[in-house]
Structure formats: C-alpha cells, structure tokens
Amino acid sequence: MGSLFRSEEMALCQLFLQSEAAYACVSELGELGLVQFRDLNPDVNAFQRKFVNEVRRCDEMERKLRYLEKEIKKDGIPMLDTGESPEAPQPREMIDLEATFEKLENELREVNQNAEALKRNFLELTELKHILRKTQVFFDEQEGGLNHTTESMTRALITDEVRTAGASMGPVQLGFVAGVISREKLPAFERMLWRACRGNVFLRQAMIESPLEDPTNGDQVYKSVFIIFFQGDQLKTRVKKICEGFRATLYPCPEAPADRREMAMGVMTRIEDLNTVLGQTQDHRHRVLVAAAKNLKNWFVKVRKIKAIYHTLNLFNLDVTQKCLIAECWVPLLDIETIQLALRRGTERSGSSVPPILNRMQTFENPPTYNRTNKFTKAFQALIDAYGVASYREMNPAPYTIITFPFLFAVMFGDLGHGAIMALFGLWMIRKEKGLAAQKTDNEIWNIFFGGRYIIFLMGVFSMYTGLIYNDIFSKSLNIFGSHWHLSYNKSTVWNNNYLQLSPATSDYEGTPYPFGMDPIWQVASSNKIVFQNAYKMKISIIFGVLHMIFGVIMSWHNHTYFRNRLSLLYEFIPQLLFLVVLFFYLVLLMFIKWNRYAATNEFPMTEACAPSILITFIDMVLFKNSKAPGKDCNIYMFAGQSFFQTIFVLIALACIPVMLLGKPIKIMQARKLANVQPITGASDAEVGGMSNGGGSHGGGGEHHDEEEMSEIFIHQGIHTIEYVLGSVSHTASYLRLWALSLAHAQLAEVLWSMVLSLGLNKEGWLGGIFLTVVFAFWAVLTVGILVLMEGLSAFLHTLRLHWVEFQSKFYMGHGYAFQPFSFDTIIENGGAVTETE
C-alpha cells in the first residue's frame, strides 16, 4: 500500500569503512539523511572514545563562534544568511578554521579590553571634570564674601577644647575630600557619615545631570558629586573608610583656584584625546565584527557538521587491524541503492581505493518506524505521533486524518464567516511560508501556528462548507435560493412575536426540500429554531461517529491480514465489527428510516406525533421489551419484522462478547498443548505460529505470546474486551460533542451579534456612523479572540480527542519508536544539538 499508509520497510545493515574514507562517507550520509546508526560502544565512557579530542576541538570552536555572535548582536550588525548549506570541511581544514577563530577571538578580546580601559579612564576624567566644576561653586561662595557661612560651618565642626586652644594659635583650617557616588546610595551614605562622625562633618552634594556609562557592562548610571569638610586626621581616616565602604570614588581637588583651573584644562584636553582614541577603537571593532558577520552562519554550519561526523564516528567499532571502522545502522529498504551511491561518492572524495561494504543483517529486533512526509503531511503526521509512534509497519492513520480531522472540526465550528477568517490566515502563512520559515523565532505559539498552517487552512475551508450547510455566517443566513416557506404574517408580527413557530404540517411549507443546506427562514424562527437544529445536529453527530468507528475497525483488518494474525482476524476483528454493526449501525439505519417514512403531513398512524422515538426504540431493543407512548395508539415499529430483526441483532451482539473474551486465549492454549504433544512441521507449523503470535487487541503488529503466562493472556483479553464493549457505548456518546460545540458556537455568535453589533446598526445619522465604527471594532476583536481563537482551540482539542481515543483505539497500537536518521539538516535546524542515536 506504500509508505503513505504504512511505515517504510527497514533493514538492519552492517557497514565496513576504511579509516581514511570513513569521514567522507559519513559526511555524504549526513547530507543524505537516511541512515540511523546504532551505538556499538554503549559501555565506553564518552571521554574514552577514539575521536573525543576532535569533538572537544569542535566544542571549543563553537564556543568562540558563540562569543563572536554575542558581540555581533550587541552591536546590532546583521548577519548574512544566504540559506545555503556548505559541505562539511575536510579534516585538514579544521586547523585553518581553528586558526581563524583563534585570531578573531584574540583580536576582539584585545580590542574589548583596550576599549574597556579607555572607557574606564574616560569615566574617571569625566567624574573629575564634574567634581572640579561642581566644587568650584563652594569655593566661589567663600571668595564672594560669604565668609560668614564658612565661619559658622567651622564653628560647628570645632569642639570647645579645640576652640579654646586655637584662640592663641590662630584660625583653624578645615580639611576636605571630594568624590563621586551612585545617586541611590547617597541618602544612606549621608546618614552613615552623620552617625559615624557624630555630626562633626559637613557634606555638600550636587547631582550630575547626564548619566555616565559603566565601562564593565555598558549600563547607564546616575551619580552625584559630593564634598565633605572635616577637621582633624582622625575624622579624615574615618571619612575615607566610609567612602570606601559605599564604593564612592575619591578624586584629588586642589584648594588653590589657579591649581583647579589648570587641572580642569588638563582634564578637558585628555578627554578630547580619549574621545578620538575611543572612536578609532570602536571603528576597528566594528570592522572586525562586520567581516566576521559575513561568514558566521557558514562557520556555524561547518563546525556543527564536523562535530556531528566525529560524534557519529564515535559510535563505530574498530577492527583488530585498526584500519577499518565497523558500524550498524537502520536504513529504509527502498533507499539502499541511494545509500550505496553516497558511500561510493565519499570513497572517491577521500581517494581511498577500497570500496565500502554494506551488508544486510538478519535480526529479531523491532525496526524503527519511518513515515515519509512532506511539508503538507508533516503536520498531520505530527498529530498522530503525539499520541504514540506507530508500531513497525502498522497502518498509519495520518492519510485519513487529512480529511476526517478538518471535517469533524468543521462540524463543530461550522460558520462561513469564521471559517473564512481561519482559511485566509492559513492561506497567508502558506503563501509566505518561505519568508516566514527563514525568520526563525523562539516564540513557541507562533511556531505551532506556522507548523500547522495547512491544518488551519483545511479547517477553515471545511468550516466554510459546513457553514453553508448550516446556512450560518456570523449568526446570520444567506438567502441564495429563496425560502420554501410562505408565511401569512407581516414583518412586524414575525420580528416582535417571540412565540411564533414553523409547522411543516401547514400550507406554509411548500413540501420540497431546500436545494442546499438549511432554509434561511429558520433564522427568524425564534422558538423552535433550536429544537429543529438540535434534532438535526444530534443525529448527524451520531451518524458521523458510528461511521468513523466502523472505519477504524475496518482499518484493523488491514493490520491483521498484513501481519497474518489469523487468531486476531477471527476472534477480534469479526466479532468487533459485528458488535458495532448490529447495534450502532442499526441505530443509524433507524434514523434514515424515520426520516424517509415519517412526515408532518402523513395520515394516522403515521403522523409526526406518533413517530416512535429512536432512543426509546434502541433502549427497548436492548432490554427485549416493547414500549408505547402513554395515551397514544401508535405503531411503535417502523417496518415489518422489526421486532424479530432487533432480537436477532441483540443476540448476535451478546454472542460476540464471549468470542472476543475467550476465543483467542483458548486457541493459544490448544496450540501450546498440541506443540508439546507432537512436533510441528510444514503447514501445521505456519498455522500454529499464526495462533501463537496473535495480533494486539487493536490490530497492531504481532505480539509474541510464547513466553507469556496463560493467566496473563486471559486477563489482558478480558481487559481489552471490556474496554471495547463499554467503549463502543461511551465512544458513540462522545461524538455528541460535535452537536454540543456546534450549538455553543452558533449561540455565542448570535449573542455577539445581538448584544454588540446590533447596537451600532440601530443608530442613525453621522453620530451613528461613528458609534458603529467603534462597536464594529469591539465586535471584530471579540469575534476573532473568542469565536475564532478560543472556540477554534476548543474544537481542535475535541477533534483531537475523537481521533486519538474514539478512532485510533480501534486499530492503532502506537508502541513503536521513531526513525532518527543522521541528518545534517536536522542537526542544524535544532541548533547543533547532537544526541546519541540508539
């Protein structure tokens, strides 16, 4: 049936490579991406493998490239990405790459260190400039005739003993220190000075208006200039220790005005020189980074490919001569010739004269599961694999999910307008997929939307179709074919009477069905609109659900026949299908019979009021009883012989239960006894083998029961039988979510229309136009946010559950493990993460 419906046939092969050709051959296989290598050294430590030094060298090169990338992004330099993937370099080219990266890193680190030193020097000079400028104000005040301020400050800082002793010694000189401190530390700094010095210091401070750049991390820091006056060496020492504790920077500040002016001129000259040198340093750094940005992407690809090759070579074994590498790998059977061609190209590139050898091995291991996908089927396959990777060669539900998933979603989301919004969004992502794929982002939500763009598009298109069937567009109807109802009411009666009902038994109905979908008249049938739609949607939900489950059971037949599980075919598939058909498919037939035989205009006893309830009929069928509607003399049967057929159907369903429960275990027990009594040869061997290797409960790959206890087999079969019988009932009821969510979606859309948008449509005049614009914007946001996004997500999750539980449980085991080939594309897409392949 092809790889679309089943996973690829896999083969375990042994690969012999000459040491000089191994690197080139593995490189070709990495470009091909069709080989999954096994680790032949599982007990060897990663640090004791043959090519561990080469892997470490690659790690070191990656570290240097990440450093360059960080510096390039810091300067906002765009990195050139041509989208091409260069080939893996030869081993001898690693030395050139290492030398190039080493030179770039050293040069960049040297430039950064010089720039940091220059910035630190520039910061110190800038702070000194502000100190000289701000403290000049204090000294100008003293020289300007405000000596009384200085005298009062001096008297406050001198104790009585010093004042008495200093009366004969002349005026007392105050010492001072000046510096810069971070602005947020200033209040705590002032309090500490006051407490530690007992109030014997005088602090003046002024803010630096512009922020200063921290040379270490480039942050902008706001600082303040301060000057502290004190008297005595003891206070001087204490003040300096406090400044050191608060990381305040102290600078020398001369007392003489001439010295301050001379220092300020020198500082300004040095600042100008530093600005020139800093500009030249930044230009040189920028040129280095621009040159590196042109090749950074290609360098990353080359290094990651080299690292992946050596990591893969570490999985190989060396033969006794140390000249040949031996590998084991899983390969798709159809691609063996392609792989051999790739190995031949690698041998020619390396110049080796000994061709590689690829031998197919016999194995009893379960091969990995490999389903070929393209950009369209990839998202649907991901939905299936999220439940569980298919067992080897098991039927793949993905091709059928391409149709059933968006259709069941659309049954719940049926609205022409909302479906159009979703379809247009998906179509936009499909049309722009090349550009959007190139813009790699870490936003998980966007990655999920973009990865499922084809699912979103199909869900929107199918929702538009079901919206036409429901005749529902933003909770309104399309009057395409005109109505098949002719009411004898005027417009005001229809719109103002909440209790009007449509009755098909009257002459208001033409008696012919609507050409496509629902008649638009139901939109104004306020009283019995929901009653009519409920009956319709509830029945189609059961119909779709039963057909979906029967299709799942039929899928298990393909599994049983492919794996030659004769026991599972006879004692699982046939009774399961009979059980589902005679009960639930018969329930679906009753719906179509009732739709065909009963109408509102039929004469007694075929009137609508006397039409039997399908639910009551089904319950009576299971309970072997006949119920009539109280007070009515109506026929409870829809066709002749219905009671007889119903009795037969229930008996068949009951008979299927012990067959499912005991048939397979008893046959396995008989086959084991027969095998112990006489040797089995020829045809008998194949027959008993088919019995002892029965399929799983859901028709998956063959399960070996040879080593399993009979008690466990009976228990497992009992669990699977109970699960199927009870699940058939619960799963059928589970499909009613199609009806429930469809009703909820339609009602929410109607609420938004009647309570939001209709308010703007009822206003007239130019004020009404403005009001309508505002209301429409609010309505559009609620429609997209609630009805499209939230309701769409809800319907998506319910559809996913219907496929995982109700559909796939009938045939899908999902006990396999994924095929993870050695592929450069996958490694580069994952950012160079190399994992060991089991």
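Student: How many cavities of 30 Å³ or more does the structure hold?

Tutor: Rolling a probe the size of a water molecule over the atoms shows where empty space is left. Here there are five such cavities (a cavity is a set of points on a 1 Å grid over the protein atoms alone where a 1.4 Å probe fits but cannot get out; lining residues have an atom within 4 Å of a point). The model is predicted, with local features needing pLDDT of at least 70 and side-chain atom pairs pLDDT 80 or more, while totals for chains, interfaces and linings use all residues. Residues are numbered from 1 along each chain as its sequence is written, and side-chain values use heavy atoms, without hydrogens or water.

Student: What lines the largest cavity?

Tutor: Its volume is about 130 Å³ (the space filled by probe spheres set on the points, which are joined across faces, edges and corners). The lining has 15 residues; Tyr470, Asp472, Gln523, Lys529 and Gln533 lie nearest the centre. Helix 17 and helix 23 (737–761) each supply at least two lining residues (helices are DSSP runs of H or I, at least four residues, and strands of E, at least two, numbered from the N terminus).

Student: Which strands form the open sheet?

Tutor: Strands of a sheet pair through backbone hydrogen bonds, either parallel or antiparallel. Four strands run in the order 4-7-3-8, with antiparallel pairing (two strands pair if DSSP finds at least two bridges between them). Strand 4 (202–207) and strand 8 (249–251) are at the edges, each with a single partner, so one side of each has no neighbour in the sheet. Strand 4 pairs with strand 7 (residues 223–230) over six bridges. Arg204 has Ile227 in strand 7 as its bridge partner.

Terms used: 1 Å grid on protein atoms, 1.4 Å probe; cavity = no way out; pocket = protein on both sides within 12 Å on 5 of 7 lines; lining within 4 Å.
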